Amino acid sequence: MMMMVSNGKLGVYVVESKGGAIACITLSLLCLGTWPALLALLERRGRLPQHTYLDYSITNFLAAIFIAFLFGQVGESTPEEAPSFITQLTQIQYNWPSVLFALAGGVGLSIGNLATQYALAFVGLSVTEVTSASITVVIGTSVNYFLDNKLNRADVLFSGVGCFLVAVCLGSAVHSSNSADVESKLGNFSGDCKTVSQEECQRLFGEQEEEEMENVKEGSAAFLIALENKRAIKVLGKSMILGLSITFFAGLCFSLFSPLFNLATNDQWHTLEPGVPKLIVYTAFFYFSLSCFLIAIALNVTFLYKPILDSPRSSFKNYLNDWNGRGWALVAGLVCGFGNGLQFMGGQAAGYAAADAVQALPLVSTFWGIYLFGEYRRSSPRTYALLVGMLVMFAVAVGLLMASAGKRETR
């Protein structure tokens with residue numbers, strides 16, 4: 001599965017086999033499909049998105065440091081083949097063009113993840129992941145295919161992309177059908193739930209107006225209104241165009257970070273001087289995660305005092321004192337960090353176009369959406385049929401993208 005490149009001693013771990021690459025990509029798929037659910041869970045419980053993303057960013061960066069030292073800095077390095085992580089950090093005066101590509105990729109991912117956190121509230125877990133993943137596959141996978149000198153099997157690869165697009169269409173139909181179901185449940189209730197009268201609340205919730213969400217049946221009108229009252233970002237009455245615009249913006253950011261990382265590790269544009277070793281995947285991942293971390297901290301500290309999308313205002317002191325849900329936010333950062341690292345490790349061996357199979361993460365996210373949040377509970381038979389069709393197409397798409405994997409020649 002892996003080999004160690006060194007000068008007779010333990011050295012840099014490199015994924016070599018196709019099976020090892022697919023294992024990395026599969027584990028990455030599970031990780032990258034799980035962390036959005038954790039962020040959505042905290043927002044639905046009322047934790048401010050600024051607080052959550054700051055915690056998430058810290059452990060996300062720590063995961064990158066752990067991966068870099070564990071796999072990229074063990075024993076002696078071989079300068080001609082695969083310099084160690086620390087060795088390449090000291091060579092920035094020579095490899096800075098590749099470092100810039102890695103830093104730019106981290107900026108794209110950080111902004112995309114930040115936009116995703118808000119899109120999850122406005123559009124929902126399943127639709128957000130489906131839409132952003134589709135844009136990533138169509139743009140990012142196509143770019144990676146040509147950057148990798150057509151390393152992957154085109155017929156299989158683009159058949160997978162086609163299946164992904166069909167699944168996206170089905171996902172849009174699921175969202176449309178489910179929205180109609182929600183409107184039917186709410187009946188005469190429309191706009192911001194603050195406008196619901198005392199009598200209407202009693203009709204929905206019974207005698208106990210302040211009934212906890214846990215005691216309300218998932219998918220019912222009472223559940224939907226209780227959720228709106230509890231969550232950090234109020235969404236009822238807001239324009240769907242706003243949520244979809246944020247989602248498309250996130251997908252565009254995601255579609256750029258993988259090709260930029262590809263350029264950082266493989267130097268297809270020949271920006272490095274002759275004889276300068278290409279960045280190993282662990283060095284590139286460190287720089288990638290560094291810029292991701294710095295952008296996230298800068299933006300979210302700003303949003304504490306100048307919130308966006310009508311989020312509550314906070315302060316750095318309030319953030320430090322907010323321990324409600326902090327553990328889950330820290331776990332989300334670790335899960336995402338290891339997911340990204342595994343994706344890049346698999347992509348270095350099998351091709352980054354095949355590694356983009358992790359963009360089928362809505363398979364995982366939809367499971368968490370149904371299991372944790374009760375999405376699609378008490379929906380119509382039409383919604384359930386469309387949901388099954390979407391998941392089947394996603395399964396076919398990820399299988400085809402993984403089957404397209406080639407084997408990169410050892411440098």
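Val 107 touches Ser 291 and Ile 295, leaving out residues up to four places away in sequence; contact here means heavy atoms within 4.5 Å. Val 107 lies in helix H4. Helices are DSSP runs of H or I with at least four residues, strands are runs of E with at least two, and both are numbered from the N terminus. Val 107 counts as partly exposed because its relative accessibility is 29%; buried means under 20% relative accessible area, exposed over 50%, and partly exposed in between, with a 1.4 Å probe and protein chains only. From Val 107 to Ala 296 the C-alpha to C-alpha distance is 8.7 Å, although 189 residues separate the two in sequence.

The model is predicted: local features need pLDDT of at least 70, side-chain atom pairs count only at pLDDT 80 or more, and totals for chains, interfaces and linings use all residues. Residues are numbered from 1 along each chain as its sequence is written, and side-chain values use heavy atoms, with hydrogens and water left out.

Residues of H4, including Val 99, Leu 103, Val 107 and Leu 114, meet residues of H10, including Phe 288, Ser 291, Ile 295 and Leu 299. The residues of this contact comprise 17 nonpolar, 5 polar and no charged. In this division Ala, Val, Leu, Ile, Met, Phe, Trp, Tyr, Cys and Pro count as nonpolar, Asp, Glu, Lys and Arg as charged, and the others, Gly among them, as polar.

The axes of H4 (residues 92-123) and H10 (residues 281-305) come within 6 Å and cross at roughly 45°. Axes are lines fitted to C-alpha atoms, for helices over the stretch in contact, and angles run from 0 to 180 degrees between N-to-C directions. The two helices, H4 and H10, are therefore oblique to each other: angles under 35 degrees count as roughly parallel, over 145 as roughly antiparallel, 65 to 115 as roughly perpendicular, and the rest as oblique.

Another helix, H12 (residues 326-350), holds Asn 340. Asn 340 counts as buried because its relative accessibility is 3%. Apart from neighbours within four places in sequence, Asn 340 is in contact with Leu 32, Asn 60, Leu 109 and Phe 285.

The protein chain as a whole has 15 helices and 2 strands. Of its 411 residues, 55% count as buried. Among contacts between residues at least 6 apart in sequence, 80% join residues at least 24 apart.
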